[in-house]
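Biologist: Walk me through this model, please. Keep it brisk.

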Amino acid sequence: MNHFPFKIIELSRVNSTNEYALRLLNSQEIPEGTVIRAQDQFEGKGQGDNKWMSEPGKNLTFSLVVHPVFLKPEKQFFLNEAVVLGVVDFTRSLLPDGNISLKWPNDIYAGTCKLGGILINNIISGRLMESSVIGIGVNINQAEFSNQLPNPVSLKLLLKSETELRSALIKLCKLVESRYNQLRNKDFDDLHKDYCYTLLGFDSWRKYSIGDHEIEGKITGVTETGRLLVQTRIGEILVFDHKEIEYLF
């Protein structure tokens, strides 16, 4: 089994650890397992135009560089599954009774509140997955959040105590590495099954918003490319890309 060296580059302040990592990759070779961690990430990015807002020095905001050359570009969503499951494993290890789930495609939830998120930038060269920059944000010790965030939560609010950030970072990276090794071993079926079972709303009826109307549906899984599968009450299977469907809480 391969093990990352986990070389950690500590930054006091940066706009985005993913953008910093991508700039490094453009100028030099970066060993797999390199971690870029920021105390203050002031322009952190989420999916699409979303932003990741974090109080400086309170949370984990970092990027992990990997080189998944063993993975075909058309299977890149399996990397997302592996990384998300690693973060879920981390949060469940600290919150065994925390009702941890995954809000498709890559947000970590405790109950109905958002605890963390993942953003992956893949660098593809022809038929090769050359490198991936995995941005991970987890709310750890922050106690107060902006009103611009609809439903945030942190480990501190859930545990009623603070978590030491450096040890949490190492533990999180090792759990992501464990899932990444599953991917390296081409254990696609188990990763996919675990990802689907972890989905918020999997195999249960709940309400969703599609455009300007509301439906009741049951998530049955995702496709290999990451599109969401939702069954309606009349048995129809609907397929959605990101931002085409919203959870209603």
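Modeller: A definition comes before the helix packing: axes are lines fitted to C-alpha atoms, for helices over the stretch in contact, and angles run from 0 to 180 degrees between N-to-C directions. Bear in mind that this is a predicted model.

Biologist: Are helix 2 and helix 4 oblique or roughly parallel to each other?

Modeller: Their axes lie 8 Å apart, at an angle of about 140 degrees. Angles over 145 count as roughly antiparallel, and 65 to 115 as roughly perpendicular. The crossing is right-handed. The two helices are therefore oblique.

Biologist: Which residues in helix 4 meet helix 2?

Modeller: On the helix 2 side, the contacts include Phe78, Leu79 and Phe90. Helix 2 is also among the elements that cover the buried residues of helix 4. The partners in helix 4 are Ala168, Lys171, Leu172, Leu175, Val176, Arg179, Tyr180 and Leu183.

Biologist: What span does helix 4 reach from its first C-alpha to its last?

Modeller: Helix 4 covers residues 165-184, which is 20 residues. At 1.5 Å a residue, 28 Å is expected. The model is close to that, at 28 Å.

Biologist: Which residue caps the N-terminal end of helix 4?

Modeller: Look at the backbone nitrogen of Arg166. A side-chain oxygen lies 3.2 Å from that nitrogen. The oxygen belongs to Glu164.

Biologist: Is Gly221 buried or exposed?

Modeller: Gly221 sits in strand 11. Its contacts include Cys196, Phe202 and Leu228. The cut-off for buried is under 20% relative accessible area. Gly221 has 3% relative accessibility, so it counts as buried.

How values were computed:
Residues numbered from 1 in each chain as written. Predicted model: local features only at pLDDT ≥ 70, side-chain atom pairs only at ≥ 80, totals over all residues. Heavy atoms only, no water. Helix = DSSP H or I, 4+ residues; strand = E, 2+ residues; numbered from the N terminus. Expected span 1.5 Å × (residues − 1). Contact = heavy atoms within 4.5 Å. Polar contact = N/O pair within 3.5 Å; in protein donor to acceptor, adjacent residues only side chain to side chain. Parallel < 35°, antiparallel > 145°, perpendicular 65-115°, else oblique. Left-handed = near helix turned anticlockwise from the far one by under 90°. Buried < 20%, exposed > 50% of the residue type's maximum accessible area, 1.4 Å probe, protein only. Lists of a residue's contacts leave out its neighbours within four places in sequence.
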